[in-house]
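Colleague: I am new to this one. Please pick out a single part and take me through it closely.

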Amino acid sequence: MMLRPSFNDSSANSNACSMDRTHAPFALRLPIFAAPMFLISGPALVLAACKAGIVGAFPTPNARPVEMLDSWMREITEGLARARDEQPASTIGPWCANLVTHSSNTRLPEDLELVARYKPPIVVTALGSPKPAIDVVHGYGGKVFADVISIHLARKAVAAGADGLACVSAGAGGHTGFLSPFAFVSAVREFFDGYVVTGGGISDGWGVAGAIASGADFVYMGTRFIPVAESMASDAYKQMVVDSSIDDLVVSAGITGTPASWLKPSLRANGLDPDNMPSAPERQYDSSQSIAARRWKDVWAAGQGVGAIRQVETVAAVVDRLENEYARAGERFARLACTAVPA
């Protein structure tokens with residue numbers, strides 16, 4: 001029998017014509033993570049997302065050297081404290097730190113020290129086991145989610161003690177997955193009743209509603225937040241995302257050693273042929289190394305939701321639109337449920 005998260009169980013006994021709008025254990029306006037994006041997500045994007053009522057996340061390798069990470073985490077925690085003086089605390093989403101737990105990341109112990117100090121409510125681990133983060137994060141009452149791209153990795157993360165799984169699926173930007181998000185969530189729900197995030201090609205509220213209906217608790221949305229005023233993307237990158245379609249993407253391991261979804265115009269601008277990508281280099285994810293000289297610094301990624309993006313705008317404007325679309329999807333579900341003919 002398929003399992004479901006315990007905090008959603010009550011919905012089975014609620015009015016079938018209403019849509020569950022609670023996303024325990026977090027106070028959220030919408031069940032969305034502004035996904036942690038390499039070289040894109042920083043304090044401004046995290047704070048804007050949280051103030052808009054969704055989860056604001058960033059990868060700790062974006063802040064180099066480690067002293068910058070200390071500064072960023074302080075900026076985020078102090079910024080959220082100020083926000084709670086300006087708007088009801090219940091309208092502010094939690095922040096999330098994304099740790100790279102790959103064996104090549106020699107800075108991980110220092111990142112974990114800062115996690116213990118600043119206490120992000122959510123920590124997502126990527127490119128390795130969640131185990132190194134479990135004791136630290138659970139020690140202050142936080143939740144650990146593990147990025148996974150397969151059922152094998154999902155089972156390993158659950159066995160390691162992860163509270164949730166971020167199921168990175170086909171269509172995701174950056175380091176991507178290969179499974180259908182619907183099939184992935186269904187398969188995970190056969191053995192896991194914890195929190196499930198799914199991501200891959202979702203850029204509107206209709207897609208969010210579909211993912212939640214399929215059994216996910218939250219949605220990773222990354223590409224939609226590249227062309228926002230608060231992201232660290234260059235103006236040229238933001239415009240390329242606005243101008244591109246799904247046909248402008250290619251998946252290749254030739255840049256970082258891990259399969260990722262890249263914008264073809266960006267590859268060409270950097271002297272690379274999207275139809276003849278180089279062989280995968282050795283994977284190296286050491287956050288103690290400088291970003292400046294890395295091959296991937298000027299190569300831009302995006303996911304399959306790119307075609308739904310029409311303009312550069314603020315996070316607040318994006319979330320307003322997502323909320324409207326999500327509500328309309330809920331109304332459609334309610335109409336379908338209330339007009340269904342009993343068997």
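This is a predicted model: local features need pLDDT of at least 70, side-chain atom pairs count only at pLDDT 80 or more; totals for chains, interfaces and linings use all residues.

Which residue lies over the face of F191, and at what distance from the ring centre?

Modeller: R155 is the residue over the face of F191, at 4.1 Å from the ring centre.

Now the barrel. Eight strands close it, in the order β1-β2-β3-β4-β5-β6-β8-β9, and the pairing is parallel. From one strand to the next, the twist averages 25°. Strand β2 covers residues 55–59 and strand β3 covers residues 95–100; four bridges join them in the parallel sense. A57 has C96 as its bridge partner in β3.

Next, the aromatic rings. The structure holds six aromatic pairs. One of them joins F33 and F145: it is tilted, with 6.0 Å centre to centre and 45° between the planes. F33 sits in strand β1 and F145 in strand β5, so this pair ties together parts 112 residues apart in sequence. Both F33 and F145 are buried. F33 also pairs with F218, this time edge-to-face, at 5.7 Å centre to centre and 70° between the planes. F218 belongs to strand β9, so the pair with F33 in β1 ties together parts 185 residues apart in sequence. F218 is buried, as is F33. Ring pairs link F33, F145, Y195, F218 and Y220 into a cluster.

Last, the nonpolar cores. The largest has 45 residues, and those touching the most other members are I54, F225, Y237, W262, L263, L267 and V315. Elements that each supply at least two residues include β1, α1, β9 and α10. Helix α10 gives the most, with six residues. Look at V315: neighbours within four places in sequence aside, its contacts are L45, A48, A49, A52, F225, V228 and E230. There is also a second, separate core of 27 residues, with A83, I92, L114 and Y140 among them. In soluble globular proteins, nonpolar side chains tend to be buried together.

Terms used:
Residues are numbered from 1 along each chain as its sequence is written. Side-chain values use heavy atoms; hydrogens and water are left out. Rings of Phe, Tyr and Trp (its six-membered ring) pair if their centres lie within 6.5 Å; planes under 30 degrees apart count as stacked, over 60 as edge-to-face and the rest as tilted. Buried means under 20% relative accessible area, exposed over 50%, partly exposed in between (1.4 Å probe, protein chains only). A charge sits over a ring if NZ of Lys or CZ of Arg is within 6 Å of the ring centre and within 35 degrees of the ring normal. Two strands pair if DSSP finds at least two bridges between them. Axes are lines fitted to C-alpha atoms, for helices over the stretch in contact, and angles run from 0 to 180 degrees between N-to-C directions. A nonpolar core is a set of buried Ala, Val, Leu, Ile, Met, Phe, Trp, Tyr and Cys residues joined through side-chain atoms within 4.5 Å. Contact means heavy atoms within 4.5 Å.
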